Amino acid sequence: MSQTQPETTTLLILGASGDLTKRLLLPGLGSLLAVETQRRVHVVGADRADLAPEEWAETVRAALTSTGAPADVVEEIVSGTEYVRADLLVPEELDALLTRAGEHAVLYFALPPAVSVRVCELLEQRGVSGQTRLALEKPFGTDLPSASAFNEQLLRVVDENRIHRIDHFLGLSTVLNLLGVRFANRLLQPVWSSEHIEKVVISYDEDLALEGRAGYYDKAGALVDMIQSHLLQVLAFFAMEAPASLEEDEVRSLKAQVLRATTVWGGDPVTASRRARYTRGNLGERVVPDYVAEEGVDPALDTETLAEIVVGIDNSRWRGTPFVLRSGKALGATAKRIEVVFRAPTHVPAGLHGQDVPDRLVLELKPAEMVLSLSINAEGDPFDLEQKELRATLGESRMLPYGEVLGRILDADPLLSIRGDVAEDCWRIVEPVLTAWREDRVPMQEYAAGSAGPAGWGVVPERLPERG
Ligand code: NDP
């Protein structure tokens with residue numbers, strides 16, 4: 001293993017010949033290095049695949065170059081990179097790898113989740129240096145008990161601040177822009193509460209279908225794949241109290257606080273959730289089969305490809321405002337956004353006429369854009385009202401979300417990593433819905449691929465009295 005400079009961080013990728021490494025992690029690193037060219041990273045790949053060193057070097061070169069890392073930076077990394085063939089579940093092979101990686105490595109688990117858990121068991125038995133950091137991919141557990149058991153196990157390996165549970169949505173520019181939008185101007189900060197906001201809709205509708213990912217997706221479904229993880233993180237950034245600073249402890253504690261107050265709307269998972277699955281249809285020119293006829297799909301799993309849940313936040317800022325979280329695949333149009341619907345003004349002067357449309361703020365996740373629609377005087381007759389739009393481009397991200405998140409990890413800063421209690425709470429929030437769906441208390445609807453999804457979604461049930 002090459003001699004590393006003191007400021008060099010070793011990124012040890014476990015599962016280096018897999019899809020995530022090639023498609024997201026290394027390109028993310030490339031985009032980080034395109035911005036932070038001074039950063040020194042020693043990349044070590046480990047996997048049980050028999051890769052020739054040149055093949056690995058070429059994978060690293062191609063991925064880093066594809067996202068704009070300058071040629072000299074790429075070549076420096078490529079000249080120092082190594083590939084180690086190892087079965088990470090064989091204690092001697094794992095031990096030899098960790099000894100070679102040194103005391104300060106970031107261990108990035110790009111492994112199947114069940115393998116990651118077993119490797120962590122071996123780390124617990126072996127022990128690691130106090131400087132080691134662990135980066136763990138989603139899904140983190142499969143339910144609340146498994147997430148909580150995994151947390152306990154990880155804490156026996158390293159301290160919480162050295163555990164980085166990954167959610168690349170925390171690297172999305174619009175999510176980070178929420179900090180400025182909410183806290184850096186006099187206009188929006190005072191109206192960010194249930195007193196002024198009637199409803200918030202956080203959506204992530206994709207126009208892609210399964211795209212060969214049955215192995216993972218068919219066991220997860222839209223609720224676990226998107227809402228349980230990513231969209232609840234967006235909600236936390238949207239709804240948390242104002243941090244005094246951007247220190248990780250401050251921000252992560254406030255996110256945890258707001259999620260602790262979050263529950264299924266009205267305490268009833270049946271009225272507060274909807275699920276559906278796509279059937280044969282067209283996505284552009286392409287004919288998409290029924291979801292259950294897609295390769296690798298097991299119809300018995302009864303997996304949804306579109307999910308919607310309504311949650312509420314029981315604190316003084318948000319009580320009474322429903323948050324609708326929705327995500328799905330194979331839809332006719334993408335909709336990746338946060339939509340804030342404002343309450344009507346307390347009084348409009350008699351004599352001003354116009355349509356009864358609420359004011360809205362839409363924060364588009366991709367591309368990053370903000371649109372504020374307000375009722376003001378119409379053109380022509382000034383005593384008529386109409387909606388006018390104020391638009392702002394929030395700017396292209398300076399790097400890929402994976403780059404943003406990885407940069408913090410390499411700096412040993414967990415600001416953009418999920419804390420253990422939050423990972424568990426996100427399971428606790430969706431658990432009643434998952435149970436209701438397993439018990440078939442919420443019907444599975446259908447929608448044709450390429451359509452807008454079933455009609456009538458997005459409606460918030462009247463809040464029922466809380467139970468028990
Ligand atoms: P892959 O199956 O493509 O890659 C995992 C790699 O780990 C494979 O090369 C696999 O080898 C290797 N591996 C498995 N067991 C061992 C072992 N005992 N010793 C050494 N190597 C081993 O998975 P992905 O890259 O898709 O996913 C990795 C992680 O990232 C998962 O947790 C996933 O949920 C998460 N993730 C993935 C995303 C994606 O788009 N791919 C998106 C977000 C998260 P082999 O092929 O021989 O089994």
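Student: Which residues does Arg398 contact, leaving aside its neighbours within four places in sequence?
Tutor: Arg398 is in contact with Val35, Glu36 and Glu404. Contact means heavy atoms within 4.5 Å. This is a predicted model, where local features need pLDDT of at least 70 and side-chain atom pairs pLDDT 80 or more, while totals for chains, interfaces and linings use all residues. Numbering runs from 1 along each chain as its sequence is written, and side-chain values use heavy atoms, without hydrogens or water.

Student: What makes Arg398 count as exposed?
Tutor: Its relative accessibility is 52%. The scale calls a residue buried under 20%, exposed over 50% and partly exposed in between (1.4 Å probe, protein chains only). Arg398 therefore counts as exposed. Arg398 sits in the loop between β18 (384-393) and α10. Helices (H or I, at least four residues) and strands (E, at least two) are DSSP runs, numbered from the N terminus.

Student: How far is the C-alpha atom of Arg398 from that of Thr59?
Tutor: The two C-alpha atoms are separated by 23 Å. Along the chain, Arg398 and Thr59 are 339 residues apart.

Student: How do you know that Lys329 is buried?
Tutor: Lys329 has 7% relative accessibility, so it counts as buried. Its place is the loop between β13 (323-328) and β14 (335-342).

Student: Why is Glu211 called partly exposed?
Tutor: Glu211 has a relative accessible area of 38%, which makes it partly exposed. The residue lies in the loop between β7 (197-205) and α8 (214-239).

Student: What is the phi of Ala412, and where does Ala412 lie?
Tutor: Ala412 has a positive phi of about 60° although it is not a glycine. It lies in the loop between α10 (401-410) and α11 (420-438). With a relative accessible area of 39%, Ala412 is partly exposed.

Student: Why are α2 and α3 called roughly antiparallel?
Tutor: Helix α2 (residues 53-66) and helix α3 (residues 71-80) pack at an angle of about 160°. Their axes are 9 Å apart. Axes are lines fitted to C-alpha atoms, for helices over the stretch in contact, and angles run from 0 to 180 degrees between N-to-C directions. Angles under 35 degrees count as roughly parallel, over 145 as roughly antiparallel, 65 to 115 as roughly perpendicular and the rest as oblique. α2 and α3 are therefore roughly antiparallel.

Student: Which residues meet between α2 and α3?
Tutor: From α2 come Ala57, Val60, Arg61, Leu64 and Thr65. They meet Val74, Glu75, Ile77 and Val78 in α3. By class, this contact has six nonpolar, one polar and two charged residues. Ala, Val, Leu, Ile, Met, Phe, Trp, Tyr, Cys and Pro count as nonpolar, Asp, Glu, Lys and Arg as charged, and the others, Gly among them, as polar.

Student: What makes α1 and α2 oblique?
Tutor: Helix α1 (residues 19-35) packs on α2 at about 55°, with the axes 7 Å apart. The pair is therefore oblique. On the α1 side the contact uses Thr21, Lys22, Leu26, Pro27, Leu29, Gly30 and Leu33. On the α2 side it uses Trp56, Thr59, Val60, Ala63, Leu64 and Ser66. The contact has eight nonpolar, four polar and one charged residues.

Student: How do you know that α7 and α8 are roughly parallel?
Tutor: Helix α7 (residues 173-183) and α8 pack at about 15°, with their axes 9 Å apart. They are therefore roughly parallel. Val175, Leu178, Leu179 and Arg182 of α7 contact Val234, Phe237, Phe238 and Ala239 of α8. These residues divide into seven nonpolar, no polar and one charged.

Student: What is the omega of the cis bond from Lys138 to Pro139?
Tutor: That omega is near 0°. Pro139 lies in the loop between β5 (133-136) and α6 (144-155). The bond from Lys366 to Pro367 is also cis, with omega near -10°. Pro367 lies in the loop between β16 (360-364) and β17 (369-377).

Student: Which domains does the domain assignment give?
Tutor: It gives domain 1 (9-137) and domain 2 (170-397 + 424-448). Their C-alpha centres lie 34 Å apart. The bounds come from an automatic or database assignment.
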